[in-house]
Amino acid sequence: MMSASARRAFASVWKKAALETTPVSSVSVAAAPLLMRSFASKCHSAASTVVTTRVSGSGSPGLWIPRVMARRTFASEAGGAATQQAAAAGLRPRRKRKLWPLIFPTLGIPTIALCFYAPDEKTKEMLQIPEVKPPVAHSVVEKDAAAATTTMPDIEGVALYQYEVCPFCCKVKAFLDLYGIPYRTVEVDPLRKTEIKWSSDYKKVPIVTIDGKQQLNDSSAIIDELAERYATPKCMSPRTKGMFGKPQSFFDEEQKWRSWVDKWLVHVITINIYRTLGESYQAFEYITTSGNFPFHTREIARHTGAIFMYGLRGRIKKKHSIDAEPREALYACGKEWKDALDGQAFHGGDAGPDLADASVFGVLRAIRDMDAHGDLMNAVPEVKAWFDRMDALCVPRRVN
Ligand SMILES: N[C@@H](CCC(=O)N[C@@H](CS)C(=O)NCC(=O)O)C(=O)O
């Protein structure tokens, strides 16, 4: 039986732990004090609880645990008024189920240890865990702490809030590289999204901020806006290389392929990188090592993510009406893009790439170390030659 002060102390430890963990573990951790409190209060009013559970007649596994616990407590309080009340309800103290005290520590403790394990400095050094550096955010430091979470960080120039492997983010990076625009990246923790807490209305990535003053959302809108803003004669963009005089159909065509990337190619790529369990692990190995995962959730995310996405591939296929086998669909995309190039060096023409080139290249560069990428390059050599040309032009301009 737990005293009131012991219960309070226990609840505060759980609460503190909950604040320092991921949402997934936070849910279970935050629920723990409630369960404990409810269990403790059940212990205090054992007989009436037992009567309630008994009378409700529920045999569901969810209620079975408190029922067993309550029965045992009830047994220890035998002789009181509560006992008589329970006895009147026809309940007998239960003595046989003795396994729970063993099962809970066996399963519970390793789980909790895994959820809460946060390495100390020495362990970090041993495991060579890199420190996650906060973005350069000079004035945030001076700002009121409460305001800092709701105010856009004061990062100079272009800052890209991203997941390293998100295809939409990779599209923006390809564009920035192609245009020669220096940028900083801020890797967002996909579970907690702490880094974009300040963005109250938009919770997806990519988000771009300019000089900590302006926020741009959505990859295509970001590219459109930046293309207008940063177009200078030095840029690789065909728009600034004498293509202003091109007919509207040129820009319509460019737009058509940019939409094709967002609406079709990214989904075909998705079902390809999770096509087999091995490929799904390969993708998650990359996602979790390059992404901003807290140390103790990285391993969990790798396994659960790989298995989950592998299981989900059929649904993604169905949702986007991809009828062909994943690789066949991918090779078909490669052939479509080859036809779109029409024998030119780039979609934008021999003079240089356009925004369609940047978009297709961005999402393909995101998976360059995965099997799907290699298979596509082998299947459509013209696309490989184009990819290599783009790769040479898109020199990374990331400054952090
Ligand atoms: N249309 C948006 C789509 C962006 C998007 O769906 N981003 C994903 C990551 S790839 C995201 O942030 N999903 C929400 C989440 O992770 O909670 C764009 O082009 O930027």
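**Notes on the predicted model and its ligand site**

1. Among contacts between residues at least 6 apart in sequence, 67% join residues at least 24 apart. Keep in mind that this is a predicted model. The protein has 18 helices and four strands. Of its 400 residues, 43% count as buried. The accessible surface is about 21400 Å², and carbon and sulfur atoms account for 60% of that.

2. On to the ligand. The residues around the ligand are Tyr163, Cys166, Phe168, Lys193, Lys204, Val205, Pro206, Asp218 and Ser219. By class, that shell splits into five nonpolar residues, three charged and one polar.

3. Which atoms of the ligand pair up with tyrosine 163, valine 205 and aspartate 218? For tyrosine 163, a side-chain N or O atom sits 2.9 Å from an oxygen atom of the ligand. Valine 205 uses its backbone instead: an N or O atom there is 2.8 Å from a ligand nitrogen. With aspartate 218, a polar side-chain atom is 2.9 Å from a nitrogen atom of the ligand. On its own the ligand would expose 510 Å², and the protein buries 70% of that.

4. The peptide bond between valine 205 and proline 206 is cis, with omega at about 5°. Proline 206 belongs to the loop between strand E2 (183-187) and strand E3 (207-210). Both partners of this cis bond are among the residues that surround the ligand.

5. Now the nonpolar interior. In soluble globular proteins, nonpolar side chains tend to be buried together. Here the largest nonpolar core holds 48 residues, and the members touching the most others are Trp337 and Trp386. At least two residues of this core come from each of helix H10 (167-179), helix H12 (248-273), helix H13 (277-290), helix H14 (295-319), helix H15 (326-341), helix H16 (355-365), helix H17 (371-379) and helix H18 (381-393). H12 gives the largest share, nine residues. A separate core of 16 residues includes Leu160, Tyr179, Ala227 and Leu355.

6. What does tryptophan 337 touch, once residues up to four places away in sequence are set aside? The list is Trp257, Trp260, His347, Ala356, Asp357, Val360, Val383 and Trp386.

7. Neighbours up to four places away aside, histidine 347 touches Glu253, Glu254, Trp257, Trp337, Ala340, Leu341, Asp354, Ala356 and Asp357.

8. Is histidine 267 buried or exposed? It lies in helix H12 and counts as buried, because its relative accessibility is 17% and the limit is 20%. Leaving out neighbours within four places in sequence, its contacts are Asp262, His320 and Ile322.

9. With a relative accessibility of 49%, serine 321 counts as partly exposed; the exposed class starts over 50%. Aspartate 342 counts as exposed, because its relative accessible area is 62%.

10. Last, lysine 384, in helix H18. Its relative accessible area is 36%, so it counts as partly exposed. The side chain of lysine 384 makes a polar contact of 2.9 Å with that of aspartate 388. How far apart in space are lysine 384 and glycine 334, given 50 residues between them in sequence position? From C-alpha to C-alpha, lysine 384 and glycine 334 are 9.4 Å apart.

Methods. Residues numbered from 1 in each chain as written. Predicted model: local features only at pLDDT ≥ 70, side-chain atom pairs only at ≥ 80, totals over all residues. Heavy atoms only, no water. Near = heavy atom within 4 Å. Polar contact = N/O pair within 3.5 Å; in protein donor to acceptor, adjacent residues only side chain to side chain. Areas by Shrake-Rupley, 256 points an atom, 1.4 Å probe, with all protein chains shown as cover. Nonpolar A, V, L, I, M, F, W, Y, C, P; charged D, E, K, R; others polar. Core = buried A, V, L, I, M, F, W, Y, C linked by side-chain atoms within 4.5 Å. Buried < 20%, exposed > 50% of the residue type's maximum accessible area, 1.4 Å probe, protein only. Contact = heavy atoms within 4.5 Å.
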